[in-house]
Amino acid sequence: MKDLQGRSIEYVRISITDRCNLRCIYCMPEKGNDFIPPEQLLTFDEILRTASCMAGLGIRVVRLTGGEPMARSGCLDLISKLKRIEGIDRVTMTTNGALLRGHIEEALAAGLSSVNISIDALTPELYAEMTRGGNVEDVLECIHEAADAGLKVNLNVVPVKGINEGELEGLALLARDMPVDVRFIELMPVGCGKNFEPVRIDEVKRRITAFFGEPEADDDFHGMGPASYVKPHGFTGSIGFIGAVSHGFCSCCNRVRVTSDGMLKLCLNHQASVNLRGMMRSGCTDSELTDVIREAILNKPMEHGFLQEVEDPEFRCMNRIGG
Ligand code: SAM
Ligand code: SF4
């Protein structure tokens, strides 16, 4: 369906947990974290019901995220059920890879359409530091397994000033040697992300070009996201750039989010949301649920407003929102 700005909304990111096996420095606080009590999480039936109403409104793509989606048991089973909903064409996942490792065949059998795997450093010590304890070998194994199995793989890299700037070229090389796309995503000033400085996406592009030479433009379709892609000479995959803050892409935003506690969130940087869990648990009908979702989507905020004041800025860390 189209919102009141004329944008086609076809994509929902559903966070299925705010918990994670890692604690990335810009995503989660080091200690403590008021995790959502299990009874407040949407059940899988509630997620399926929500997705089904959304499919009726024209949502075609579902991405599972978190926290770490694979940290919630039954994640792959949920994928296979989402995939069977009429109107849903693609079910994808964003993951840190560690818990997906060893389960790629199951994920493919469940119908996973593609996977985004996050990896911010190749140097083991730095990866461990940025994720507060992660093992980069686990992620690399997952990436190889997924690519070898023929699953479409995108790698997400968030460049953080003074922290992983020296890793960017090495990470980009993964797209030279393997059939994967590497996408650089500008750090967003959301939650713990506010404690760090981004490397602006133009600067990342400049460095990649300086290192690999002027790339060929790459206008192939790479999915539902806002990245622009290039293909350096001799690369198997492509390099994507997502200027989430400095190159606002709100005018063509195609997505909404559902948080793990069942709030329909219309824009990353606005708290405004609709309590779908409350509605479902108060006994609403599917038609009432659909009407409320339609009305909320129609009124999706015009822009995230990271660079200006917004009335209801998001303050939660990204693991609560789903990225
Ligand atoms: N655990 C999974 C993972 O790491 O891929 C899925 C959830 S994570 C919140 C989703 C994506 O959000 C990851 O690629 C992560 O790097 C990114 N992310 C988290 N905080 C961010 C921030 N402040 N700015 C930009 N991206 C962020
Ligand atoms: Fe976990 Fe993903 Fe956040 Fe890292 S970015 S702490 S892996 S949810």
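**Entry 1**

I'm working on a predicted model, where local features need pLDDT of at least 70, side-chain atom pairs count only at pLDDT 80 or more, and totals for chains, interfaces and linings use all residues. For my notes, residues are numbered from 1 along each chain as its sequence is written, chains are lettered from A and ligands numbered from 1 in the order in which they are written, and side-chain values use heavy atoms, with hydrogens and water left out.

Helices here are DSSP runs of H or I with at least four residues, strands are E runs of at least two, and both are numbered from the N terminus. I looked up the angle between H1 (residues 44-56) and H2 (residues 75-83): about 30°, with the axes 10 Å apart. The axes are lines fitted to C-alpha atoms, for helices over the stretch in contact, and angles run from 0 to 180 degrees between N-to-C directions. That makes H1 roughly parallel to H2 (under 35 degrees; over 145 is roughly antiparallel, 65 to 115 roughly perpendicular, the rest oblique).

Which residues make the contact? On H1 I found Phe44, Ile47, Leu48 and Ala51, and on H2 Cys75, Leu78, Lys81 and Leu82 (contact means heavy atoms within 4.5 Å).

Ser80 also sits in H2. Its relative accessibility is 14%, so I put Ser80 down as buried (under 20%; exposed is over 50%, partly exposed in between, with a 1.4 Å probe and protein chains only).

**Entry 2: H7**

H7 (residues 201-212) has 12 residues and reaches 16 Å from first C-alpha to last, close to the expected 16 Å at 1.5 Å a residue (that is, 1.5 Å times one less than its number of residues). I listed its buried residues as Ile201, Val204, Arg207, Ile208 and Phe212. Down the axis of H7 they fall within an arc of 120°, so they line one face of the helix (the arc is taken from the directions from the helix axis to the C-beta atoms). They pack against helix H6 (168-177), strand S6 (180-185) and strand S9 (239-242). Just after H7, I noted that Gly213 takes a positive phi of about 90°.

**Entry 3: Gln271**

I found Gln271 in the loop between strands S11 (263-265) and S12 (273-275). At 33% relative accessibility, Gln271 counts as partly exposed. Gln271 and Pro313 are 42 residues apart in sequence, yet I read 6.0 Å between their C-alpha atoms.
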